[in-house]
Amino acid sequence: MGWGGGGKGWGGGKGWSSPWQPMWQKWGKGGGGKGKGFKVDPSLKVWIGNLASGADWKTLQDHMNQAGKTKWVEAFSGKGAGTGAAVYSSAEEATNAITMLNGSIVNGQAIQVDVW
């Protein structure tokens, strides 16, 4: 009988395998890292379009705070360049941002603000 045989060992006849798993393998699927996303109620989030190429998140945050205190702001890059998003504490603030800031000027360009 050899190590890889069909005996009554731990591996159940399919070769040797360990009877224990390291703790980190038991924690379930997925782990930290990219791809988790920022989960927010869509009623709190607004979409921002027609952003000038030089607009960054800080400029956008300063502008979007006119309608209410933002919790999170992002000016997208790559395939989403020219668009962004802002998250407010309440749906009323998000609705106010849409009515108040749609068509306003950021970095010399009129932006579009709409529901997410």
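1. Strands S2 and S3 pair in the antiparallel sense over five bridges; strands here are DSSP runs of type E of at least two residues, helices are runs of type H or I of at least four, and both are numbered from the N terminus. Two strands count as paired if DSSP finds at least two bridges between them. Within this pair, Glu 74 has Ala 85 of S3 as its bridge partner.

2. The model is predicted: local features need pLDDT of at least 70 and side-chain atom pairs count only at pLDDT 80 or more, whereas totals for chains, interfaces and linings use all residues. Residues are numbered from 1 along each chain as its sequence is written, and side-chain values use heavy atoms, with hydrogens and water left out.

3. The protein chain has two helices and six strands, which follow one another from the N terminus as β-α-β-β-α-β-β-β. Four of the strands form an open antiparallel sheet in the order S2-S3-S1-S6. Strand S2 (70–75) and strand S6 (112–115) each have a single partner strand and stand at the edges, so one side of each lacks a neighbour in the sheet. From one strand to the next, the twist averages 20°.

4. Strand S1 (residues 45–49) pairs with S3 in the antiparallel sense over four bridges, and Lys 45 has Val 87 as its bridge partner in S3. S1 also pairs with S6, again antiparallel and over four bridges. There, Gln 112 of S6 is the bridge partner of Gly 49.

5. Helix H1 (residues 57–64) lies across S1, S2, strand S3 (84–88) and S6, and runs at about 135° to S2. Helix H2 (residues 91–101) packs on the sheet, where it touches S1, S3 and S6, and its direction makes about 145° with that of S6. Contact means heavy atoms within 4.5 Å; axes are lines fitted to C-alpha atoms, for helices over the stretch in contact, and angles run from 0 to 180 degrees between N-to-C directions.

6. How many residues of S3 are buried? Five of the five are, so S3 is largely enclosed by the rest of the structure. Buried means under 20% relative accessible area (1.4 Å probe, protein chains only). Gly 84, Ala 86 and Tyr 88 lie on one side of S3, with Ala 85 and Val 87 on the other, and both faces are covered.

7. The largest nonpolar core has 17 residues, of which Val 46, Ile 48, Met 64, Ala 86, Tyr 88, Leu 101 and Val 113 touch the most other members. S1, H1, S3 and H2 are the elements that give two or more residues to this core, and H2 supplies the largest share, four residues. Such a core is a set of buried Ala, Val, Leu, Ile, Met, Phe, Trp, Tyr and Cys residues joined through side-chain atoms within 4.5 Å. Val 113 touches, among others, Val 46, Met 64 and Leu 101, with residues up to four places away in sequence not counted.

8. Thr 83 is found in the loop between S2 and S3. The side chain of Thr 83 reaches the backbone oxygen of Gly 80 at 2.5 Å. Leaving out residues up to four places away in sequence, Thr 83 touches Trp 47, Ile 48, Gly 49, Leu 51, Ala 75 and Phe 76.

9. Of the 116 residues of the protein chain, 27% count as buried. Among contacts between residues at least 6 apart in sequence, 55% join residues at least 24 apart.

How values were computed: A polar contact is a pair of N or O atoms within 3.5 Å; within protein, one must be able to donate a hydrogen and the other to accept it, and residues adjacent in sequence count only if both atoms are side-chain atoms. Buried means under 20% relative accessible area, exposed over 50%, partly exposed in between (1.4 Å probe, protein chains only).
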